[in-house]
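This report looks at selected disulfides and at one helix. Please keep the sequence and the structure in view while reading.

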Amino acid sequence: MKSPIAVMWSLEIICFLLCFVPSYQQFPRMCATQEALRTKECCPTWEGDGSACGASSGRGTCEDVVVSAQPDGPQYPFSGLDDREKWPLVFYNRTCQCTENFMGFNCGDCMFGYFGENCNERRESLRRNIFHLSRAERIKLVSYLNLAKQTISRDYVVVTGTYREMQNGTNPMFAEVSVYDVFVWMHYYVSRNALLGGPGNVWTDVDFGHWAPAFLPWHRAYLLHWEHEIRKLTGDMSFTTPYWDWRDAQGCDVCTDELMGDRSTQDPSLISPGSVFSSWRVLCSQAQDYSARGVLCDATEEGPLRRNPGNHNRNLVERLPTSDDVEFTLSLTNYDTGPMDRSANMSFRNTLEGFGDPQTGLGNSSRLGMHAALHVYMNGSMSSVQGSANDPIFLLHHAFVDCLYEQWLRRHRPSPNQYPESNAPIGHNSEYHMAPFLPLHRNQDFFISSKDLGYEYTHLLDASELTYECLCKEKKFYLLKSEEPRLQQQRD
């Protein structure tokens with residue numbers, strides 16, 4: 001018999017399915033064909049006018065992809081080996097380039113922060129602390145997550161083989177996955193080992209989205225796209241990603257059945273059956289197995305979502321990050337330093353990522369801190385870099401990491417050239433296109449304020465911009481003053 005909470009989630013999901021509008025969501029289906037791969041052109045038609053890239057409506061044009069010739073760092077000593085090199089040229093050398101405020105693989109969407117049929121309505125969204133959400137908003141969040149997990153992406157498929165295995169495009173190798181799992185796969189693909197050929201023959205010192213300067217811009221783009229797809233999936237254009245402020249946390253306080261799922265009493269490494277997340281199955285989580293076999297993740301289910309917070313390796317992570325750790329990290333003036341990898345000293349990026357000591361700033365710390373400490377602490381699906389996005393806590397965690405990134409940007413106001421143009425590890429130079437995003441984004445595009453991308457954090461607002469309501473006991477609810485009418489409506 002289902003618990004009352006599980007029944008409540010089910011009713012919410014049924015409601016959303018009844019009014020479901022298909023999503024326009026990493027390889028567009030229309031570009032996963034033999035013809036597209038052999039011609040190396042990904043310029044799909046926009047349904048609004050039937051032309052490639054919406055050219056007839058002035059939304060964009062099909063153009064040659066231009067990649068940077070700036071040198072990469074020495075950490076990856078190969079060339080022409082990995083499909084992510086000079087992204088996306090191995091797969092496509094022509095893609096849609098959108099004009100004005102249009103965005104998307106076919107220029108059918110709006111740039112972040114813009115809305116409306118013609119993408120000319122500018123709005124600023126507000127990301128809020130998850131504990132400041134009302135009960136109805138928490139129900140909606142979990143329902144949206146589960147709907148995304150259960151709904152096959154209409155517009156995107158994921159790659160399951162290398163371009164060489166596809167015989168240079170004549171034998172396409174792609175799989176259908178859910179809207180949520182598109183993003184699980186993206187995080188796996190950007191961080192996977194490079195395949196050198198044959199079982200066990202991999203290069204591990206490479207990651208196109210971690211361990212180097214693009215860590216923060218890449219995850220910023222990732223969260224924005226995830227948020228964007230949830231809005232289109234549900235029709236809720238006001239949806240934002242909440243964040244978990246884990247400073248000084250004594251445990252996983254989002255691990256409740258009302259939120260991300262409690263611990264199962266039968267098996268502490270599993271999720272409570274009172275949570276919808278207990279039924280979730282993970283993919284792309286067995287990095288060691290893929291490396292041993294010399295293959296890519298094939299996007300098949302690999303077992304239940306696992307989490308056992310606090311029962312982790314204490315030699316690797318002593319405790320969760322403190323307010324003092326955060327303040328020291330934010331005080332570092334240099335975005336990145338030296339070789340711009342895990343050994344970087346006094347680097348804001350490296351310290352926030354967790355490889356710099358949050359008390360000294362020295363790189364290659366023997367114990368992980370900040371962002372990485374949370375992953376290890378969760379002791380389950382979250383603790384594998386490649387498979388960590390399987391756990392929905394990943395989104396709440398990275399929203400707060402992004403909030404701290406934004407706080408640093410506002411405090412230090414770095415010039416654009418603080419972001420390295422050259423000699424960063426492969427994938428991380430400023431003009432490098434982020435793998436595996438289609439539409440294309442450059443790392444430097446997200447080394448800007450969140451306000452320029454259309455969103456804000458309650459954590460960063462002045463008290464004068466907020467209104468405070470006590471909902472019950474010590475629960476606090478913060479809103480922009482402009483949202484007071486909505487708060488009054490909820491109260492009524």
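## Burial and the model

A residue counts as buried when its relative accessible area is under 20%, and because the value for Cys 403 is 0%, that residue is buried. The model discussed here is a predicted one.

## Disulfides

The structure holds seven disulfides, among them the one that joins Cys 31 to Cys 42, with an S to S distance of 2.1 Å. This link is right-handed, with 85° about the S-S bond. Cys 31 lies in the loop between β1 (27–28) and α2 (34–39), whereas Cys 42 belongs to strand β2 (residues 41–42), so the pair ties together parts that are 11 residues apart in sequence. Cys 31 is buried, at a relative accessible area of 1%, and Cys 42 is buried as well, at 2%.

Another disulfide is formed by Cys 43 and Cys 62, whose sulfur atoms are 2.0 Å apart. The pair links distant parts of the chain, with Cys 43 in the loop between β2 and β3 (45–46) and Cys 62 in strand β5 (residues 60–64), 19 residues apart. The torsion about their S-S bond is about 75°, so this disulfide is right-handed, and both cysteines are buried.

Cys 252 and Cys 255 also form a disulfide, with sulfur atoms 1.9 Å apart; the link is right-handed, with 70° about the S-S bond, and both residues are buried.

## Helix α7

In helix α7 (residues 323–331), the residues Asp 325, Val 326, Thr 329 and Leu 330 are buried. They lie on the same side of α7, because they cover an arc of only 130° around the axis. What covers these buried residues includes α8 (348–353), α9 (370–378) and α10 (393–412).

Technical notes: Residues numbered from 1 in each chain as written. Predicted model: local features only at pLDDT ≥ 70, side-chain atom pairs only at ≥ 80, totals over all residues. Heavy atoms only, no water. Buried < 20%, exposed > 50% of the residue type's maximum accessible area, 1.4 Å probe, protein only. Helix = DSSP H or I, 4+ residues; strand = E, 2+ residues; numbered from the N terminus. Arc of directions from axis to C-beta. Contact = heavy atoms within 4.5 Å. Disulfide = S-S within 2.5 Å.
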